[in-house]
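Subject: Structure for you to look at

Hello,

Here is the structure I said I would pass on. Please open it first, then read the notes below it.

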Amino acid sequence: MSQCTRAMQAAQLDAALPQTQCTRCGYPDCQSYAHAIAFEQAPINQCPPGGQEGVRRLAEITGRPAWPLNAAHGEETARAMAIIDEQWCIGCTLCLKACPVDAIIGANKRMHTVLESACTGCELCIPVCPVDCIRMQPITGQATGWAAWSPAQAEQARVRYRRHMQRQAGRATIATVGPSSSSGPLARHHGQHEPAPGPEQPMALHDNRPLQATGAAPTKAEKHQILAAVLAKAQARRRAQ
């Protein structure tokens with residue numbers, strides 16, 4: 001099989017995957033797994049969200065046997081949605097960054113919530129939560145695999161993942177290049193000037209109390225120390241429930 005033919009098959013395989021971007025297959029996303037299958041670097045039975053029906057679809061494309069789902073990568077279950085316990089959420093934004101389809105909304109030190117229509121049930125938000133305030137709630141009853149997930153939902157997840165990756169790439173570019181200089185031609189043309197940087201503002205805790213009411217702004221080490229204390233206290237309260 002030529003490289004071009006394999007690339008075309010990879011696109012077909014990617015279209016047949018559920019696009020949950022859960023990484024349970026052992027690859028960073030569905031497209032990478034599809035590429036590995038097409039180039040005979042991975043078997044076709046490593047996608048729990050697709051279930052046995054998903055294996056059958058991949059077998060039909062590749063001509064390989066539809067082996068049972070490999071339990072080492074997980075079991076076929078009902079689709080679940082992430083639920084954030086708002087009482088315990090500290091607004092750390094770690095789950096926002098972990099979600100591959102931007103299904104979690106919120107702001108720094110503000111309560112987060114999950115968009116039910118966008119959550120793929122990937123569970124990637126679970127391990128990053130420092131206060132264990134996220135749980136998975138099954139929402140499809142007895143339906144599992146592709147019976148619990150439609151082609152329209154898969155396409156929506158694919159689009160959201162692409163946009164997520166584009167935003168990440170944009171942030172990486174900005175971080176590498178840095179902000180444009182206010183002395184550049186565009187700034188001069190519009191008569192814009194970069195304001196002089198002011199003193200660093202005290203970082204607020206979850207209850208909006210400043211770290212320091214007066215005096216110099218805390219150092220980075222002091223911020224980390226205080227945040228660690230807040231997380232430890234929240235975790236202790238959580239365990240005491």
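A nonpolar core is a set of buried Ala, Val, Leu, Ile, Met, Phe, Trp, Tyr and Cys residues joined through side-chain atoms within 4.5 Å, where buried means under 20% relative accessible area with a 1.4 Å probe and protein chains only. This is a predicted model, in which local features need pLDDT of at least 70 and side-chain atom pairs count only at pLDDT 80 or more, while totals for chains, interfaces and linings use all residues. Residues are numbered from 1 along each chain as its sequence is written, and side-chain values use heavy atoms, with hydrogens and water left out.

The largest nonpolar core has 25 residues, and I84, C95, I104, V114, C133 and I134 have the most contacts inside it. Strand 1 (80-84), helix 4 (94-98) and helix 5 (151-177) each give two or more residues to this core; helices (H or I, at least four residues) and strands (E, at least two) are DSSP runs, numbered from the N terminus. A second, separate core has 19 residues, including L13, F39, L58 and L69.

Contact means heavy atoms within 4.5 Å. Apart from neighbours within four places in sequence, C95 is in contact with I84, I104, H112, C125, V128 and I134.

Is R6 buried or exposed? R6 counts as buried because its relative accessibility is 14%. R6 is found in helix 1 (residues 3-16). With neighbours within four places in sequence left aside, R6 is in contact with M1, A38, F39 and E40.

Regards

Key: Buried < 20%, exposed > 50% of the residue type's maximum accessible area, 1.4 Å probe, protein only.
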